[in-house]
Amino acid sequence: MSKFFYNVAISIPLRQAFTYHSNQQIDLGTRVAVKFGSSTKLGIIIETLPNTEIKTKSIHMVLDDIPTFSNTELKIFRWASEYYLHPIGEVISSFLPTYLRQSKNTLDATPIKSIDSDLPDNLKFEKNLNAQQSKAVDFLKSLKGFMPTLLYGVTGSGKTEVYIRCIAKHLINNKSVLILAPEIALTPQLESRVKDQFGSLVGIYHSKMTPSKRYKAWRDFRNGNLKVMIGTRSAVMMTAPKLGLIIIDEEHDSSYKQQDGFKFSARDIAIKRAQMLKIPIILGSATPSLRTLKLVEEKKFKTIELSKRVTQKNPPKFSILDINEVKLVSGLAPHAIEAIAQTLSQNKQAMIFINRRGFAPQFVCSYCDWRAMCNSCDSSLVFHHQAERLICHRCDSAFGVPVICPNCSKEQLSFLGTGTEQLEDTLRELFPNASIHRMDRDSTKKAGSLENILSEIKNSETGILIGTQMLIKGHDFPNLELVVAVDVDQGITSLNASAIEEMGQQLIQVAGRAGRLDGHATVLVQSRYVNDQNLLQLKSGNYLNFASSLMQQRQSLNQPPYSFEATISASSSRAQNNIEMLTYAKRYIDVSKCILVGPIPAVQSKVRGSYQHHLVIQANTRTLLNKLLIKFSESLQADKNKILKKTRWSINIDPTDL
Ligand code: ADP
Ligand code: ZN
Ligand code: ZN
């Protein structure tokens, strides 16, 4: 009997595929069950091999009649595995819905209804495009082949309508469209607009859905019953019979980067996928990432602009409020409180943007300086008034609130700083008649609560909204006339180069929620660094001014996007082990070709009981960085020194936090 040999990717943290045989021919991309050690594991066939004399085990079971992934998709997985230096089995498994990670389930992808049934011949659109939108649509519709394009549209310029027309074009041509969006659950308006237009052809895929709903969405996109998929980063490899277009909405958003396990960027994988499929990809944003802007500058990306708001109203004016010499009330300067009062007296809405939830970020003893810290992380515990708990925002551990200081037994405990809960209390005291809404992770935990808050905000003409970055994404608050940004200084003083970029994006985005109706809105930015160059650039309200000034700084310092970075992280329960391991492992990096820093503790140096240290590597080209890391990774795996066994190590390409 003839034997066929296959390389199988298995989801285990080993950086190789394993060879098995079978007496039946199996398509590439098919799910199989294989014996690995003493257990049975799920695998995907990724390669056929010529006959070999090596002793191999047989494939235990072929799970499906049809392959889960196509050859192109396997190629992308292989690319991602090399690019991110991550085990191929884990790469593939991150893009499988949980249901298909289990070998007891089978993939049934027969179409359940006839395709094309829901698209009327004569598509009607709800809105007529304005001239800028029409121009953008014409341009985007004319794209052929691989053609990454930045749709730079200021907030309120009507990007969604532009997407809708591009989607329609592809549906008419019987193609499918994949839309990536950050945190769909937080920004239901993209979903509702696309669903209004294309009805039952639209599917949704994100991590808040049950595994069975996610599997169904995955299957129905795969079999062509759903033609438009809106998903978060894990949707980036969802397969469709004929994918014609990928859209990345809010391409700058940091949630496209997975921060643990397989640390990929869905934005980057989407671009690679479009390249391999030779299809257009649209990256939409009012605040594009510096990386994208650099690619536009180098003419590797095209760009089209929506420079005006649909309403033709002026964007809000920025004003910087020096808080060095003023006494703050729950983080608010007296001038900001006056501005809120005035806004309310004009029957308009005011918004306070603050990126700290809870009541106060620190709980301290004023006698001995004791500070409440998490047992297993190096973070201060945040005092939550409503829950009456001290909570770690790293690991979510919650602790009771002590009455006397655990260190000196004095009754001198108090909180420091301001969070959303405290602002809410203070504003309720200051403005007892105002309707006040708070939107943060705590106030929106219950299913449906986010929708409730949003609709209450929209239905109340005047009032105060308090919120974290959750409040700034994509919402349209017509009556909002004043925004107060309370804690931007965190972004200005952070050691992470990406923090300032993110701060600028957040300010422009938060400003974008305001002044849509009458164009006299103001954004008050409270800061102690009123002469900060980047803050002054933001004052113009023009994101591109800010971005180009930041790009110049990056270029002169040879920082990303002008160089390419990776971190090699070690984590273990002993800091010393990490330092020894990284000091030893450094020998495998050729320092004549790059800049190497470390070992240094991570900014979050302890999380859930594990210490984190890393090496930072900076190279002048991406190819060089990749080469250095491949050599490093291979050498490390071949080295049997026992120092290496005492920590877990991983590589992070384009890290966003150091
Ligand atoms: P962006 O995503 O660029 O911030 P949106 O797509 O949310 O902007 O559009 C802003 C608002 O303008 C939405 O309420 C949308 O329905 C409306 N809008 C968009 N295009 C038009 C148009 N051509 N005519 C009228 N209203 C429009
Ligand atoms: Zn004390
Ligand atoms: Zn913790």
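These are my notebook entries on a predicted model, taken region by region.

**Entry on the annotated domain.** I began with the record: an unreviewed UniProt entry places the feature "domain: Helicase C-terminal" at residues 376-558. Over that stretch I read 34% helix and 18% strand for the chain, with the end C-alpha atoms 36 Å apart.

**Entry on the second largest pocket.** I then turned to the second largest pocket, whose volume comes out at about 890 Å³. It is lined by 36 residues, and those closest to its centre are Gly-158, Thr-160, Gly-474, Asp-476 and Arg-516. Sorting the lining by class gave me 13 charged, 13 polar and 10 nonpolar residues. Helix H4 (159-172) and helix H5 (188-198) each contribute at least two residues to this lining, and I noted that H5 gives the most, with 5 residues.

**Entry on helix H16.** In helix H16, which spans residues 575-585, I found Asn-577, Asn-578, Met-581, Leu-582, Tyr-584 and Ala-585 to be buried. Looking down the axis of H16, I see these buried residues fall within an arc of 160 degrees, so they line one face of the helix. As for what they pack against, I listed strand E25 (564-572), strand E26 (595-607), strand E27 (610-619), helix H17 (622-638) and strand E28 (648-653).

**Entry on Thr-239.** I looked up Thr-239 in the loop that runs between strand E10 (228-231) and strand E11 (243-249). Its relative accessibility is 4%, so I count Thr-239 as buried, the cut-off being under 20%. Leaving out residues up to four places away in sequence, Thr-239 touches Thr-68, Phe-69, Glu-73, Trp-218, Phe-221, Arg-222 and Arg-273.

**Entry on backbone geometry.** I kept in mind that most peptide bonds are trans and that most residues other than glycine have a negative phi. Against that background I recorded a cis peptide bond between Pro-560 and Pro-561, with omega about 10 degrees; Pro-561 sits in the loop between helix H15 (543-556) and E25. The peptide bond from Gly-598 to Pro-599 is also cis, with omega near 5 degrees, and Pro-599 belongs to strand E26, one of the elements against which the buried residues of H16 pack.

For positive phi I noted Ser-330, with a value near 45 degrees, in the loop between strand E14 (317-322) and helix H9 (334-345); at 14% relative accessibility, Ser-330 counts as buried. I also noted Ser-409, with a positive phi of about 60 degrees, which lies in the loop between strand E19 (398-399) and strand E20 (413-416).

Key
Residues numbered from 1 in each chain as written. Chains lettered and ligands numbered in written order. Predicted model: local features only at pLDDT ≥ 70, side-chain atom pairs only at ≥ 80, totals over all residues. Heavy atoms only, no water. Buried < 20%, exposed > 50% of the residue type's maximum accessible area, 1.4 Å probe, protein only. Helix = DSSP H or I, 4+ residues; strand = E, 2+ residues; numbered from the N terminus. Arc of directions from axis to C-beta. Contact = heavy atoms within 4.5 Å. UniProt positions renumbered as here; feature names shortened; annotations may be inferred. 1 Å grid on protein atoms, 1.4 Å probe; cavity = no way out; pocket = protein on both sides within 12 Å on 5 of 7 lines; lining within 4 Å. Points joined across faces, edges and corners; volume = space filled by probe spheres on them. Nonpolar A, V, L, I, M, F, W, Y, C, P; charged D, E, K, R; others polar.
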